[in-house]
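This report covers the contact between two chains and then the build of one of them. Please view the sequence and the model side by side while reading.

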Amino acid sequence: MTDSLDIARATLLDAPGLGEQALVQVMDRLLSRQIDTADIYLQYSRLESWVLEDGIVREGNHSIEQGAGLRAVAGDKTGFAYTEDIDLPQLLEAAGTARAIARAGQSGRQAIASRRDLPQLYAPLNPIDSLDEAAKLALMRRLDEAARAADPRVQQVIVSLVAAQDTVLVIDDQGRLAGDVRPLVRVNVSVIVEQDGRREQGSAGGGARRGLDYFLEDERALGYAREAVRQALVNLEATDAPAGLLPVVLGPGWPGVLLHEAVGHGLEGDFNRKGTSAFSGRIGEQVASPACTVVDDGTLPERRGSLSIDDEGTPTQQTVLIENGILKGYMQDRMNARLMGVAPTGNGRRESYAHLPMPRMTNTYMLPGEHDPQEIIASVEHGLYAVNFGGGQVDITSGKFVFSASEAYLIENGKITRPVKGATLIGSGPEVMTRISMVGNDLQLDSGVGTCGKDGQSVPVGVGQPTLKIDELTVGGTAA
Amino acid sequence: MSHDIASLENIVAQLLDEARQQGATQAEAGVQVSQGLDLTVRLGETETIEHTRDQGLGVTVYFGQRKGSANTTDLRPEAIRETVAAACRIARHTAEDPAAGLADPALMAHKIPDLDLDHPWEIDPAEAAAIARRCEDAARGHDTRIRNSEGATLHTGRGLFVYGNSHGFLGGYPTTRHSLSCAVVAEQDGEMQRDYWYSSARAAEDLQAPEAIGETAARRAVARLGARKIDTTECPVIFHAELAPSLLYALFNAIRGPALYRKASFLLDALGEPVFPDWVRISEDPHKPRGLASAPFDNEGVATQPRDIVASGVLQGYILDSYSARKLDMQTTGNAGGVRNARIDSSGETFEQLLARMQRGLVVTELMGQGSNTVTGDYSRGAAGFWVEDGQIAYPVAEITVAGNLRQMFEGLLAVGCDNDIPGAVDTGSWLIERMTVAGN
């Protein structure tokens, strides 16, 4: 059985003993004349995690989450209830609670129709079973050994390994039934190094919608161990970061967190429908330099931020957000698309059955430009070259955003000279995007580590970009 | 709710029994169920009604020094055996860890004091909507420059929780938590600024009045209008009371067990050493009646105790659970699950007196991003707030960073105001710090 829909039906309908007739009955309860849209979201998630510390795999956890979320939408009003018990009486009770958002009325019964025309961007496998326990633990021990062997200054190594499978079934008010089986794996290595009493940390990892064999290909995970050590050793040499306005060159890949914060959140449909985003009402306007084309693309096979269908059953797509600097479109879920009179873009996502869907990013990245990365660095007389970042944050309304560099260097007279300590960079999204003067030809996507938070809901995402230059950005160091 | 404390105690007892039958030498288990309502009113209309109902159980088993754990949202009887089996399967593969195991049985809480944490709020969606509407109306009516809203949200919830372990400890209690929050957008000359305010309490009667929350949200949003960037400088910085808890958490993160035994802290070996000026006292009171972080026992069943963490500026103790305590050859401080109801004593000044003492500098009212490094103490965060001249607020500022090193920031703490008007899990006034780097233009 390799079809996601069949597996999802078996897990979420057959196993709990629910038939299509039961779904019709629940949807019937959920719908009334005033309800514009409604959906039932059934979910079964398994997750296994392991932690290695002080050279031993000291703990592991196995987790199962299951439940059903029922939503009824009338205009811009939403009623929502959920239950951990996937059985008919609980589903009917939750449906009755959720529909209370609108006055009761009559509705026609919708037959259930399975959607078999949907893309499948990853195999519906269970990554927990993709390696046996001995192989999982052996992999973790190899990473520990590799990190310790990389340099005698390594004092502490922590390796974590997570494998999860998320099975979902969405039934909408038209009776359309869509299923998805979503594997997700993640490995992380973090190290502490010490030299002459000074301690620094480094961290690296990756992941994908694959089995755990992903980490064994081309010694991929060993690369994380070496990279974590390399970063930590660079930081041992770092001096105070500069403070003030400077030209900033961002390296390719993960520094794309810039786009996620500076424009991504501001282009989510809900903020724009409500007029609370700094980008509200600006479709067709120049919001970035002509060198910038930014897309959100949920269709990249096997990537952490990708989904075959979003959590409302809409297939994901590549959405052009900014084209040559012109704002082209927003990311939409069904409700905001309907209220704004546009098509959904496959960005309706939710953390789980116990959360309401909303417009969220998938993989957000900038298309490559024409410049050689060396040429970009050489164009800066005095500035910052930042290649690794921690997280970021944005105030949608004012457009102010931050992201924190964890590996950065000074550029002096067109050359990278010495490492500086991590510092927070702050700017205004719409302004910073117009100051991107050079875009490299070296587009990279991140290694599969991103998690995005919004309204208390976390979802896996991807970012990417080529090397790029921002003419002026505030760098929050201590060396004035 | 179809469960009560007795039925949860029964589930925990079954989990522990099942663990023993499956061969575990030690085990601990917890079960929780909760139920609540989240209702948002936006622009005067009910926007979302969410009925929340969560449940879950978790078990940790030990086979000698090997550990495994498992959890599920499924509370049906068949899930108990499956979950214990999953934990045992994990424990077959983890390594012998000399520090693994339950906390010392002598430390288990014997008496479980009633901390007055259960105050259910019987409120239906129509009543909740009326309260949220009063809150949002007050915000929208406060100033003509409030032109948009993200709404007002009322949350009410009640949870039951039981923890037990194979030492024979079994304890549980109900808790409630209610909150009301409001976020609005001020507009002027094409500039938009958003801000919010909230109140959270164990009992509905302890919440701030809906109108007061709305007006505070509006006042804060309007005060941000016209924010400018300032030149890069070094100056004194006041962290407003609502943000000061993040500085206490930066301290706690550096004296927590894992940061210490991993040698990943800028406060290694600081026990008994001065970390703050000698007037500073930082304490925790897990037994505070109606406290948002109150707990009679910690996540391992260990009795919690009020204590000083910093006294006369000197670090008195770390923040340990039994695992990290064994790694450090110390004893648990009853902090499995964290610090509960932390407090830093005020040095007595009002907020206005702090401004007067600072004379010229920055008041921070918003922090953005992470940028607080527990290993090195390096601190660099995005900020917004107000510039102060001649001891008075001069104008709002935005798009700046504040940076320094936490060790020096703690040493340079000049005063803590008596201006805390936010009943929360952390009790602190505003902090005046001697000197930081502010980056702007």
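## Interface between chains A and B

In this predicted model, 73 residues of chain A are in contact with 70 residues of chain B. Together the two chains bury about 5700 Å². Carbon and sulfur atoms carry 50% of that buried area.

On the side of chain B, the residues that lose the most area to chain A are Arg53(B), Met368(B) and Glu399(B). These three together make up 12% of what chain B buries.

## Fold and dimensions of chain A

Chain A contains ten helices and 23 strands. The C-alpha trace of chain A spans about 75 × 55 × 35 Å along its principal axes.

## Packing within chain A

Of the 480 residues in chain A, 64% are buried. Among the contacts in chain A with a separation of 6 or more, 75% are between residues 24 or more positions apart.

## Surface and charge of chain A

The accessible surface of chain A is about 15800 Å². Carbon and sulfur atoms account for 47% of this surface.

Chain A has 45 positive and 64 negative charges. The mean position of the positive charges lies 4 Å from that of the negative charges.

Methods:
Residues numbered from 1 in each chain as written. Chains lettered and ligands numbered in written order. Predicted model: local features only at pLDDT ≥ 70, side-chain atom pairs only at ≥ 80, totals over all residues. Heavy atoms only, no water. Helix = DSSP H or I, 4+ residues; strand = E, 2+ residues; numbered from the N terminus. Buried < 20%, exposed > 50% of the residue type's maximum accessible area, 1.4 Å probe, protein only. Contact = heavy atoms within 4.5 Å. Areas by Shrake-Rupley, 256 points an atom, 1.4 Å probe, with all protein chains shown as cover. Lys, Arg positive; Asp, Glu negative; His and termini not counted. Charge placed at Lys NZ, Arg CZ, Asp CG, Glu CD. Buried area = accessible area lost by both parts, 1.4 Å probe.
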